[in-house]
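I opened my notebook for a friendly look at one fold. Here is what I looked up.

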Amino acid sequence: MQVKTKAIVISSLKYQEKSLIVKCLTQSDGLKSYFVPNAFSAKKSNQKIAYFQPLSMLEIEANHKNKGTLEHFKEIKLAHAYQTISTDIVKSTIVIFLSEIIHHSIHEEEKNENLFDFLESALLWLDAHDEMANFHLILLLEMTKFLGFYPDTSEIDLKFFDTKEGVFSTFQGMDCLSEHETFLFKKLLALKFDSDQKVFAGIERQILLKILLQYYTTHLDGFKKPKSLEVLKEVFA
């Protein structure tokens, strides 16, 4: 089936000497993997290696056989050429980290247009703003809305957050955050990308990142902590 759609590059893996296997989140069909022969050849100008950097935003035309095998691109172009993400070390580190998170969070080949639209607008926001110290934390939390385990905030005034049940609790059970951790988590729940970035100290961001990664591990089978986690910690230290 011939498809024209937007796509966000999740990962790319070198295959043999010159080829790539590229995993994309597509707006039309959700997760798709593509075989790109001769990706490292200068002659293939329509399939430049630069297109396949983490979280690149593409417009693609492709043949989707939908048989569980690798698909093939027919045409590729950038949907948005990032102005700052590729040159800013903090932003590029965030993007590598988030691409790993998405890679380990989404496994099903099914359309999730709301998730795609959210990620697209979030990445455009990141590219356009310089104050983004809390961006990765807010994005991780917001993504749980589309993955099916966003916290139930109906009793947010209670003292403890139960990470297993995803609810706030009067008592500190075995799976609950401490009172201080819950306080930080509540502050994060109230934030938007445009909120004051200085609301957290560096150590508090580290605590929240640890909480969020544990929350993902609890609710997603097979979720692995990103290899780029230590680099991200260094950047925000």
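I am working with a predicted model, where local features need pLDDT of at least 70, side-chain atom pairs count only at pLDDT 80 or more, and totals for chains, interfaces and linings use all residues. Residues are numbered from 1 along each chain as its sequence is written, and side-chain values use heavy atoms, with hydrogens and water left out.

**Elements.** I found 6 helices and 7 strands, taken as DSSP runs (H or I, at least four residues, for helices; E, at least two, for strands) and numbered from the N terminus. Their order from the N terminus is β-β-β-β-β-α-α-α-β-β-α-α-α.

**Overall shape.** I checked the radius of gyration over C-alpha atoms against 2.2 Å times the number of residues to the power 0.38. For 237 residues that rule puts a compact globule near 18 Å, so the protein's 19 Å agrees. The C-alpha trace spans about 60 × 35 × 30 Å along its principal axes.

**Burial.** I counted a residue as buried under 20% relative accessible area (1.4 Å probe, protein chains only). Buried residues make up 46% of the 237.

**Helix α5.** I asked what span to expect for residues 202-219.

Definitions and conventions. Buried < 20%, exposed > 50% of the residue type's maximum accessible area, 1.4 Å probe, protein only. Expected span 1.5 Å × (residues − 1).
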